[in-house]
Amino acid sequence: MPTTVETVRDALVRARRDHSLIETGSLPVPATLAEGLAAAKAVGEAAGLALAGWKVGIAEDGSPIAGLMPGPWLKPGDVYEGAAGAELRIEIELALRLSRDVPLRPEKPYSRAELLACCDKAYLGIEIVESRLANWFGKVAPPLWMADAMGHGGYLIGPEVEIGLLDDPTQFGCFISLNGVTIYDQPAVHGNGDPMVPFLAWANRKEEGLGPLLAGQIVTTGSLCGGVLSPGKGEVVTKLSPLATIPLTLR
């Protein structure tokens, strides 16, 4: 009889391959966050996903969490193809590129300055959240959310920005429109205050988990606008004012 991890892995790999959705209630729920991350790792291995980058966060219990971002990266003006019936959310974020490996070092936690010294570039990024789980919002147990890479759909890498901008993102404004209609226009705010907090927590995790932090990977530090639901598909304009404007298309 398949284990929970095997059942969840097979369902998520099939959904990725078929560009389809899974009825959430049809899946067993991993017992712990660690088991959810084990399922996510199994999905990546079975689907042959590249370790191109990570989205990082902190769970309600304070545990560091992450989701694989396999690429390929979108660029401004690109089209993102969502699955039929999928709920798409847009997140304006700041991302960092690792210039060197960040090996696991539980006996000597990294400082914020040390971790930033491992990065050579920062970017304005747009994450498209598209879970493989149908009707997921507010209804998915955290371990199952971990298994689905925290709902990662795709990532657009925008213009390069100064790394120092991560020190105070509240100086910016976040704007999103769909087909010319504003759907979000608020000051930037990060759920952890400092966008480096979840990245630092993941770098200082006690076990390797999903995989290593390697030179060349992109790490996105979390949304500055929450997860903004797109009420439909079409032409999207995102802005982190006054830095840059990034267009994309949801189809």
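Me: In this predicted model, what distance, N to O, separates the side chains of Arg9 and Asp10 in their salt bridge?
Reply: A salt bridge requires a side-chain nitrogen of Lys or Arg within 4 Å of a carboxyl oxygen of Asp or Glu. The side chains of Arg9 and Asp10 meet in such a bridge, and the N to O distance is 2.9 Å.

Me: Is Arg9 buried, partly exposed or exposed?
Reply: Residues under 20% relative accessible area are buried and those over 50% are exposed, with partly exposed in between. Arg9 has a relative accessibility of 24%, so Arg9 counts as partly exposed. Its partner in the salt bridge is Asp10, and at 36% Asp10 also counts as partly exposed. The class of Arg9 is therefore partly exposed.

Me: Are helix 1 and helix 2 parallel, perpendicular or oblique to each other?
Reply: The two axes come within 9 Å and cross at roughly 45 degrees. Angles under 35 degrees count as roughly parallel, and those from 65 to 115 as roughly perpendicular. The crossing of helix 1 past helix 2 is right-handed. Helix 1 and helix 2 are therefore oblique.

Me: Is Arg89, which forms a salt bridge with Glu87, buried or exposed?
Reply: In the bridge between Arg89 and Glu87, the closest N and O atoms are 2.8 Å apart. Glu87 has 26% relative accessibility and so counts as partly exposed. The relative accessible area of Arg89 is 10%, and the cut-off for burial is under 20%. Arg89 is therefore buried.

Me: How many residues apart are Arg97 and Asp120?
Reply: Arg97 forms a salt bridge with Asp120, with 2.7 Å between the closest N and O atoms. The pair links distant parts of the chain, as Arg97 lies in strand 5 (residues 89-98) and Asp120 in strand 6 (residues 119-129). Arg97 counts as partly exposed at 25% relative accessibility, and Asp120 counts as partly exposed at 35%. The separation of Arg97 and Asp120 is 23 residues.

Me: Which residues are linked with Arg112 in a network of salt bridges?
Reply: The structure holds 13 salt bridges. Within the network that includes Arg112, the linked residues are Asp167 and Asp194.

Me: How far apart in space are Pro187 and Gly173, C-alpha to C-alpha?
Reply: Pro187 is located in strand 10 (residues 181-187) and is exposed, with a relative accessible area of 54%. Beyond residues up to four places away in sequence, Pro187 touches Phe172, Gly173, Cys174 and Leu224. Pro187 and Gly173 are 14 residues apart in sequence, and their C-alpha to C-alpha distance is 4.2 Å.

Me: Which residue does a cis peptide bond join to Pro242?
Reply: Pro242 is in the loop between strand 13 (234-241) and strand 14 (244-250). A cis peptide bond also runs from Gly71 to Pro72, with omega near -5 degrees, and Pro72 is in the loop between strand 3 (64-69) and strand 4 (79-80). For the bond to Pro242, omega is about 0 degrees, and the residue joined to Pro242 is Ser241.

Me: Is Met150, with its positive phi, buried or exposed?
Reply: Met150 is not a glycine, yet its phi is about 55 degrees. Met150 is placed in the loop between helix 4 (142-147) and strand 8 (152-161). Its relative accessible area is 8%, so Met150 is buried.

Me: What is the phi of Asn179?
Reply: Asn179 lies in the loop between strand 9 (173-178) and strand 10. At 46% relative accessibility, Asn179 counts as partly exposed. Although Asn179 is not a glycine, its phi is positive, at about 50 degrees.

Me: Which residues are in contact with Ser230, leaving aside neighbours within four places in sequence?
Reply: Ser230 is in the loop between strand 12 (228-229) and strand 13. Its relative accessible area is 8%, and Ser230 is therefore buried. The residues in contact with Ser230 are Leu88, Ile90, Leu178, Ile183 and Leu250.

Technical notes. Residues numbered from 1 in each chain as written. Predicted model: local features only at pLDDT ≥ 70, side-chain atom pairs only at ≥ 80, totals over all residues. Heavy atoms only, no water. Axes fitted to C-alpha atoms, helices over the stretch in contact; angles between N-to-C directions. Helix = DSSP H or I, 4+ residues; strand = E, 2+ residues; numbered from the N terminus. Parallel < 35°, antiparallel > 145°, perpendicular 65-115°, else oblique. Left-handed = near helix turned anticlockwise from the far one by under 90°. Buried < 20%, exposed > 50% of the residue type's maximum accessible area, 1.4 Å probe, protein only. Contact = heavy atoms within 4.5 Å.
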